[in-house]
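Please read the following report alongside the model.

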Amino acid sequence: MPTAAEILHRWPKTELHLHLEGTISPETLWSLAARNHVALPVGSLAELRALYAFEHFGKFVELWLAMCACLRTPADYEEMVDGFVAECRRQNIRYVEAHFTPYNHERFGFGGRRALDIVSRRLEASEATGGPVVRLITDIPSESVPVSGPFTATLLEEEANPLVVAIGLGGPEDGFPRTLVTPYFDRARRAGYHAVAHAGETGGAEHVREAVLELGARRVQHGVRAVDDPAVVALLAERDICCDVALTSNTLLTCFKELPTHPIRALRAAGVPVTLSTDDPPFFGTDLSREYALAHTQVGLSLDELWQINLNGLRYGLAETGLRRRLMLEFEALNAAS
Ligand SMILES: [Zn+2]
């Protein structure tokens, strides 16, 4: 008799809230930095591993930017994608919407469009050879909106990259109202893209309201602080806006330290759809199978409830309808056979 953890690991899975740059392991980053002669803020691999176990968002951003600076050649980007794809295959993750931040790669000199192009081609090659199916969300980092906003909106208007489904908003929340990016989100939506936004993680329920009402977000990454304001929870439920929840990430970066009382239960009880994701797996010492296992053992969600949450990744995913339908049939057939 397989354990629940084994069943969850084996399920075909979806993940809608993951940052591609945030999948780089300390080992890969260490070798990239050595190969490209980039100075890291640490002197050894052991210290780098310790830096990954960060305690606050500021340290996280510092490491994040160091990581972007280490990606110098096309082969580096391909190595990042290959590591991510291997993890998806190991855990049977079949559909992913990954955030990717072209502006940061522009900022460090490689070229945002060039980086996006290399990543897309590598992902298309992996899809053609067994998957996963990956679609991209090009996000604006909140801390650099005056430059990254127009850069990202123009990129989306001018590029017809078939993997990109949405514009997103990442970076820190504190001190950065979601409305900073309204004009750039308007431009992206006019160019035919969906909109999603990080909100209600380290910022309050008001950010979730702004993401929905001002940015036209179809999904919110995290969204958990919405529970501070019943009117915002009601707004999410009424508009059927899905929250892409990352449990372990929340226990490390937000006030929600205890999983048995995590807001995911309150959101679901109020009729708000949710998905489960890792956000940045090596930074949080987790993977998607573990997140599902935690949701089962710590939050108390049943396997049936978790299967519906898993299917939400296809219901609320932003890829074309035919593709999501094909994956839905594949998931149902595999579930029936197991
Ligand atoms: Zn995130």
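Predicted model: local features only at pLDDT ≥ 70, side-chain atom pairs only at ≥ 80, totals over all residues.

Residues are numbered from 1 along each chain as its sequence is written, and side-chain values use heavy atoms, with hydrogens and water left out.

**Aromatic pairs**

A pair of aromatic rings is described by the distance of the centres and the angle of the planes. Rings of Phe, Tyr and Trp (its six-membered ring) pair if their centres lie within 6.5 Å; planes under 30 degrees apart count as stacked, over 60 as edge-to-face and the rest as tilted. Six aromatic pairs turn up in a search of the whole structure. Trp11 and Tyr292 form an edge-to-face pair, because their ring centres are 6.2 Å apart and their planes stand at 80 degrees. Trp11 is in the loop between helix H1 (4-10) and strand E1 (13-19) and Tyr292 is in helix H14 (residues 288-299), so this pair ties together parts 281 residues apart in sequence. Helices (H or I, at least four residues) and strands (E, at least two) are DSSP runs, numbered from the N terminus.

The pair of Tyr52 and Phe283 is stacked, with 4.6 Å centre to centre and 15 degrees between the planes. Tyr52 belongs to helix H3 (residues 45-52) and Phe283 to the loop between strand E8 (274-276) and H14, so parts 231 residues apart in sequence are tied together.

| Residue | Relative accessible area | Class |
|---|---|---|
| Trp11 | 8% | buried |
| Tyr292 | 0% | buried |
| Tyr52 | 2% | buried |
| Phe283 | 3% | buried |

Ring pairs also join Trp11, Tyr292, Trp307 and Phe331 into a cluster.

**Zinc site**

The zinc ion has His17 (NE2), His19 (NE2), His198 (NE2) and Asp279 (OD) as protein donors, at 2.1 to 2.3 Å. Donors are N, O and S atoms within 2.8 Å of the metal (3.2 Å for Na, K and Ca); water is not among the atoms, so sites may look incomplete. Along the chain, the donors have the spacing H-x1-H-x178-H-x80-D. His19 lies in strand E1 and His198 in strand E5 (residues 194-199), so the two tie together parts 179 residues apart in sequence. Both His19 and His198 are buried.

The angles among the four donor atoms run from 79 to 175 degrees, and the site is irregular. Four donors count as tetrahedral if all angles lie between 85 and 135 degrees; four count as square planar and six as octahedral if opposite donors are over 155 degrees apart and all others between 65 and 115; anything else is irregular.

Asn250 sits in helix H12 (residues 247-253) and is buried at 0% relative accessibility. Beyond its neighbours within four places in sequence, Asn250 has contacts (heavy atoms within 4.5 Å) that include Glu201, His222 and His262.

Leu288 lies in helix H14 and is buried at 1% relative accessibility. Leaving aside neighbours within four places in sequence, its contacts include Lys13, Thr14, Gln91 and Leu276.

How values were computed. Buried < 20%, exposed > 50% of the residue type's maximum accessible area, 1.4 Å probe, protein only.
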